[in-house]
Amino acid sequence: IDLGLKYFYKATDGTEVENPKFLRKSERKLKRLQRRVSKKQKGSKHRRKAINRLGRQHLKVSRQRKDWAVKQARALVMSSDLIAYENLQVRNMVRNHHLAKSISDAAWSLFVDWVKYYAQIFGKVQQPVPPQNTTIGCFDCKQPVQKTLSTRTHVCPHCGSVRCRDENAAWNILEKGLRLAGLSTAGHVGIEASGQNDHYLSQAIDLDKSAG
Ligand SMILES: [Zn+2]
């Protein structure tokens, strides 16, 4: 999967999960309540009341975010055998204020924590991968193709590959994940002949084919 800003994530099979709009709405309300607290006189009864309301809204937003992340993580793990995702330094990215809103909304780190949890429970493989070159690299020919944040389609001048930006990234991430999990596409090193791994094997073969 590619964790993104346009989508919450996009998977190699084309599945896309949107960012939840209800969170943005709840957070707008949070800001309004915050402003109300700062307008009230310190030590007053009205201020205490406003603080109480703010606290309750904080709790509501964090519950909503958690419930949503848990639900998405469970659904993804249940429908997959291996989940590869970028090991993003979410905290570092949040410091970049342009991205902060979407990233905190997106609740990536919460989601990833629950993916790890459910993968363990259901005996699936989850594999973090380093994020370098997953967006820039062309999945088909491996050449770098520069993009800005607003470039939505990956168009490769080297091999002619045309893919959705996030899907190209998701395939790069899957390829890295398979390699790191010991399910390398090169020579299929480490693939055991068990039923559970048949799916990885067929994916690895597909990767070989599409990599040409
Ligand atoms: Zn290419």
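How many disulfides does the structure hold? There are zero, a disulfide being a pair of cysteine sulfur atoms within 2.5 Å.

This is a predicted model, in which local features need pLDDT of at least 70 and side-chain atom pairs count only at pLDDT 80 or more, while totals for chains, interfaces and linings use all residues. Residues are numbered from 1 along each chain as its sequence is written, and side-chain values use heavy atoms, with hydrogens and water left out.

Select the zinc ion next: the SG atoms of Cys138, Cys141, Cys156 and Cys159 coordinate the ion at 2.3 Å, donors being N, O and S atoms within 2.8 Å of the metal (3.2 Å for Na, K and Ca). In sequence these donor residues follow the spacing C-x2-C-x14-C-x2-C. Because the four donor atoms subtend angles of 106 to 111 degrees around the zinc ion, the arrangement is tetrahedral (four donors, all angles between 85 and 135 degrees).

Cys156 is buried at 3%, whereas Cys141 is partly exposed at 24% and Cys159 is partly exposed at 38%.

Then move to helix α5, residues 108–122, whose 15 residues reach 21 Å from first C-alpha to last, close to the 21 Å expected at 1.5 Å a residue (times one less than the number of residues); helices are DSSP runs of H or I, at least four residues, numbered from the N terminus. Buried residues in α5 include Trp108, Phe111, Val115 and Tyr118. Seen down the axis, the buried residues of α5 fall within an arc of 130 degrees, so they line one face of the helix, the arc being that of the directions from the helix axis to the C-beta atoms.

Key:
Tetrahedral: all angles 85-135°; square planar, octahedral: opposite > 155°, others 65-115°. Buried < 20%, exposed > 50% of the residue type's maximum accessible area, 1.4 Å probe, protein only. Helix = DSSP H or I, 4+ residues; strand = E, 2+ residues; numbered from the N terminus.
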